[in-house]
Amino acid sequence: MSTATRTTQDSNISGRDRNWHVVHHVVFPTDSDTDTLPLFVDFNAQRHAAVTSLRPTEATENEPAAENAPAEGAVAAQTNQLRSELLSGERSIHIPAHTRISMGTYFNAFPASYWRAYSSVDTVRLTVSTTGPCKVLVYRSTARGTSNRVVTLEMTGSAQFTDLPLAAFGDGGWYWFDVVTADTAVELAFAEWSVPEPDGYVPGTVSVAITTYNRPDFCVRNLKALGEADVLADVVDRFIITDQGNQKVRNEPGYDEVAATLGQKLVHLEQGNLGGSGGFARGMYEATSDDRSRYVMLLDDDVDVHPESILRAVKFGDFARRPTIVGGHMFNLYEKSVIHSFGERVNEYRFMWGSVDGVREAHDFAGSNLRTTPWMHRRVDVDYNGWWMCLIPTQIIREIGLALPVFIKWDDAEYGLRAKRAGYDTVSLPGVAVWHMPWTEKDDTIDWQAYYHARNRWLAALLYSPYAKGGNLPRESVLTDLRHLVSMQYSAAELRAMALEDLLGGPEHLHRTIGSRLPQVRKVRGSFSDAQVKKDLADFPPVKRVKPLHHGLEPRPPRGPITRAARLLAGAVHQMLPTRAAEAEYPEARVPALDLQWWRMATLDSALVSSADGTGASWYKRDDGTFKRMMGRSTRLHQRLHRDWDALARQYRDALPYYTSREAWAATFAASEPEPAAPRKDRS
């Protein structure tokens, strides 16, 4: 046993004594969805999430015999089969005799390095209660992902705790525990992680602000689940619903019952569609209108969230050294054991968001759980957290302002950069997460959102880029336009040009157009054939290739910068050739959405391209006149932006405090009319 660790046994211990505060319960899925099970419990303490029997004649005290491990193909089946048998409650689990399970999982391991880095806490207490004799083996890991056992608790059917130091977690590492049974089955009644309360500690409460647009079913379901969660009863002081759609939440079956249950805790607002930034700005505005809440949590409407995640974010905020933004990770709503976003940063030279170096996207915990994923043991420090789930202290909002009025895209990244400039950290805290549809399931850079992607990326660079003229962003932007044009994505190129023209007009357009620009964007986009999706492929002419493939070979991705540049130039030359009548009569090829690459499209004169969601297709058609006009426009706009960069940057930076102020947003809210309601659903 580590000499720095204290262990105590007492049948009355619960971890809730006067000087300690529970910040992290060991929890299990709140429903019967076995896809999430590997995130909570690892039934195979060796590798995979499957139960392994431990017979005394075939295994040591701590290590199951290798020959007893099930084949990988049996993992999912065994997990599904045993789900209802073993999980006996949201905080308890039945453990058969001669079995070992591990809590070295995403939701139940303790992220020690994050507490070490961002709080003054120097010790964490693990409290465990079982109904019978077993061993609790406590482990810690390093930033390299190696682990070692630090404590063994000999459980006798009563609660025990052990105090664990945080001093050695400077760069990474977690704590967790395994449970090993002998001849009898036991119940893990509960387990929890606590930290010592400082003198004068007062817990904070949170306003949960949900922005919704035509997802009333998600909204009512989440309100019900979170409103009924006992763990949140004293933590959430109100739910602020900002409804911006025409499928009203108030008309959704079950809403009246939820509203009656929440009572005065529910603040339900309706306004015109001001996008995510407008909806979340409204939540910030309401949460800072009084002193009730220490925090506001921004939460997307179309998510699944475990109530424990909200509790953990609030408690981490309470114990942080200074006001800190606490964000949650994003899991894939369709593949629930797959994490989609673990830590985000902004590359200031390119001025583009992306994963922090070392983070591996789309990691599946069902294949490799936390203990066997070395990169996840190194602490990940971020620039911002997505607003699918993000806790912001009201003190920070009062100091640096509300969301930037950009409708959608870059509002969360900009806010993290703004807070960072003001001296406030953002933490993406493991064990805090939602399940959300990942952006890999769609390509919103070529739909109506292309306007907001382009304008808001430029805007953020004008506000925060430390490089002259925006670093590499101008070059990337011109090349992006060219790739769209050689791909016959004229609608995306047009929206990007509109975005740059609006940006060059100055910051006054931000609030003025936030509620009106989207219909105009949709109308412009819909005038191009590449944006006109038809559900039935029979509505298009049959595919006929006018000229054969070069040497009979399908296009290959170019390798190396010289080859890419040559291929892009060749595509531009091809675009400028006059189109022939035969080329306009029939599409030359069918291109799946997954194969929609500029180097493939640059060889074609027309193509049927599947939509990203697989529901239809659109007809891309080459037009030399459109290409020349749009490429010339792009060149002129980028030249103007380069010339005026310094003046524009000063203009936007000087205007930022006003355009993110309560006063500016109040005027926009007042001018925003809610959409007319769609026909009321049958609530019988």
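1. Helix axes here are lines fitted to C-alpha atoms over the stretch in contact, and the angles between them run from 0 to 180 degrees between N-to-C directions. With that in hand, a few notes on this predicted model.

2. Start with the helix pair H11 (residues 490-504) and H17 (residues 624-659): they pack with axes 9 Å apart, at an angle of about 30 degrees. Angles under 35 degrees count as roughly parallel, so that is what H11 and H17 are to each other. Their crossing is left-handed.

3. What does each helix bring to the contact? From H11 you'll find, among others, Tyr 490, Ala 493, Ala 497, Met 498 and Leu 500, and these residues meet a set in H17 that includes Phe 627, Met 630, Leu 637, Leu 641 and Tyr 652. By class, the H11 and H17 contact counts 13 nonpolar, two polar and six charged residues.

4. Leaving out residues up to four places away in sequence, Phe 177 touches Val 26, Met 103, Leu 126, Val 138 and Trp 193, among others.

5. Asn 214 sits in the loop between strand E11 (206-212) and helix H3 (216-227).

6. Lys 409 is the other spot, with phi near 75 degrees, again positive in a non-glycine residue. Its loop runs between helix H7 (394-400) and helix H8 (411-421). Buried or exposed? Lys 409 has 17% relative accessibility, so it counts as buried, the cut-off being under 20%.

Key:
Residues are numbered from 1 along each chain as its sequence is written. This is a predicted model: local features need pLDDT of at least 70, side-chain atom pairs count only at pLDDT 80 or more; totals for chains, interfaces and linings use all residues. Side-chain values use heavy atoms; hydrogens and water are left out. Contact means heavy atoms within 4.5 Å. Helices (H or I, at least four residues) and strands (E, at least two) are DSSP runs, numbered from the N terminus. Buried means under 20% relative accessible area, exposed over 50%, partly exposed in between (1.4 Å probe, protein chains only). Angles under 35 degrees count as roughly parallel, over 145 as roughly antiparallel, 65 to 115 as roughly perpendicular and the rest as oblique. A crossing is left-handed if the near helix is turned anticlockwise from the far one by less than a right angle, and right-handed if clockwise. Ala, Val, Leu, Ile, Met, Phe, Trp, Tyr, Cys and Pro count as nonpolar, Asp, Glu, Lys and Arg as charged, and the others, Gly among them, as polar.
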